[in-house]
Amino acid sequence: MTALFQHNVNIIGRLVKEVESGTSKAKTWARFTLVTNTYFHVEGREKPSQHAEWHNIVCFGKVADVAVSALVKDGFYNVEGYVKVERYLDKDDQEKFSKKIIAARLHEVLPHDKPASNEEDDSDIPF
């Protein structure tokens, strides 16, 4: 496969299933999928609409080792890396394209609706 172009990305999303991993030519790899959501207002609707985008992530070496040992399904993660678009021919000799993110760094983040575990619950404070 031939790479067409690269772009740097920084996305935050939810891990939708367990990380898959393996070794190829003595190099560790891991792949997983993050989903990100975009919310937008549609005129005439009271609640905002939502669009989900699914991102295929691949990483190698030490980053793959971290992905396998630290990423947990339904966790929120920040992935830094670049977009790789590849061109290939399918079984009918039709030209197809695939897009994946090659991860260079992984960070766990806290979802917006979940308080940090070390924060105190101040719901009983009268002011």
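**Figure 1. Ala 26 occupies the loop between β2 (20-24) and β3.** Strands (E, at least two residues) and helices (H or I, at least four) are DSSP runs, numbered from the N terminus. The model is predicted: local features need pLDDT of at least 70, side-chain atom pairs count only at pLDDT 80 or more, and totals for chains, interfaces and linings use all residues. Residues are numbered from 1 along each chain as its sequence is written, and side-chain values use heavy atoms, with hydrogens and water left out. Ala 26 has a relative accessibility of 79% and therefore counts as exposed (buried means under 20% relative accessible area, exposed over 50%, and partly exposed in between, with a 1.4 Å probe and protein chains only). A distance of 9.6 Å separates the C-alpha atoms of Ala 26 and Gly 61, which are 35 residues apart along the chain.

**Figure 2. The largest nonpolar core contains 19 residues.** Such a core is a set of buried Ala, Val, Leu, Ile, Met, Phe, Trp, Tyr and Cys residues joined through side-chain atoms within 4.5 Å. The members that touch the most others are Phe 32, Ile 57, Cys 59, Ala 67, Leu 71, Val 79 and Leu 106. Two or more residues come from each of β1 (2-15), β3 (27-40), β4 (49-60), α1 (61-70), β5 (76-89) and β6 (95-109). The largest share, four residues, is contributed by β5. In soluble globular proteins, nonpolar side chains tend to be buried together.

**Figure 3. Surroundings of Leu 71, a member of the largest nonpolar core.** When neighbours within four places in sequence are left aside, Leu 71 is in contact with Leu 15, Val 19, Phe 32, Val 66, Tyr 77 and Leu 106. Contact denotes heavy atoms within 4.5 Å.

**Figure 4. The salt bridge between the side chains of Arg 14 and Asp 74 spans 3.0 Å, N to O.** Arg 14 belongs to strand β1 and Asp 74 to the loop between α1 and β5, so the pair ties together parts that are 60 residues apart in sequence. Both partners are partly exposed, Arg 14 with a relative accessible area of 29% and Asp 74 with 44%. A salt bridge is a side-chain nitrogen of Lys or Arg within 4 Å of a carboxyl oxygen of Asp or Glu; the structure holds seven.

**Figure 5. Arg 31 and Glu 20 form a salt bridge, with the closest N and O atoms 3.2 Å apart.** Arg 31 lies in strand β3 and Glu 20 in strand β2, so this pair ties together parts that are eleven residues apart in sequence. Arg 31 is partly exposed, at 41% relative accessible area, as is Glu 20, at 33%. Lys 17, Glu 20 and Arg 31 are linked in a network of salt bridges.

**Figure 6. Glu 86 and Lys 100 form a salt bridge, their closest N and O atoms being 3.5 Å apart.** Strand β5 carries Glu 86 and strand β6 carries Lys 100, so the pair ties together parts that are 14 residues apart in sequence. Glu 86 counts as buried, at 8% relative accessibility, whereas Lys 100 is partly exposed, with a relative accessible area of 24%.

**Figure 7. Lining of the second largest pocket, among whose residues are Lys 17, Glu 20, Arg 31, Glu 86 and Lys 100.** On a 1 Å grid over the protein atoms alone, a pocket is an open set of points where a 1.4 Å probe fits, with protein on both sides within 12 Å along at least five of seven lines; lining residues have an atom within 4 Å of a point. The volume is about 170 Å³, meaning the space filled by probe spheres set on the points, which are joined across faces, edges and corners. The lining also includes Phe 32, Thr 33, Asn 56, Ile 57, Val 58, Ser 98 and Lys 99. At least two lining residues are supplied by each of β3, β4 and β6. By class, three are nonpolar, three polar and six charged (Ala, Val, Leu, Ile, Met, Phe, Trp, Tyr, Cys and Pro count as nonpolar, Asp, Glu, Lys and Arg as charged, and the others, Gly among them, as polar).
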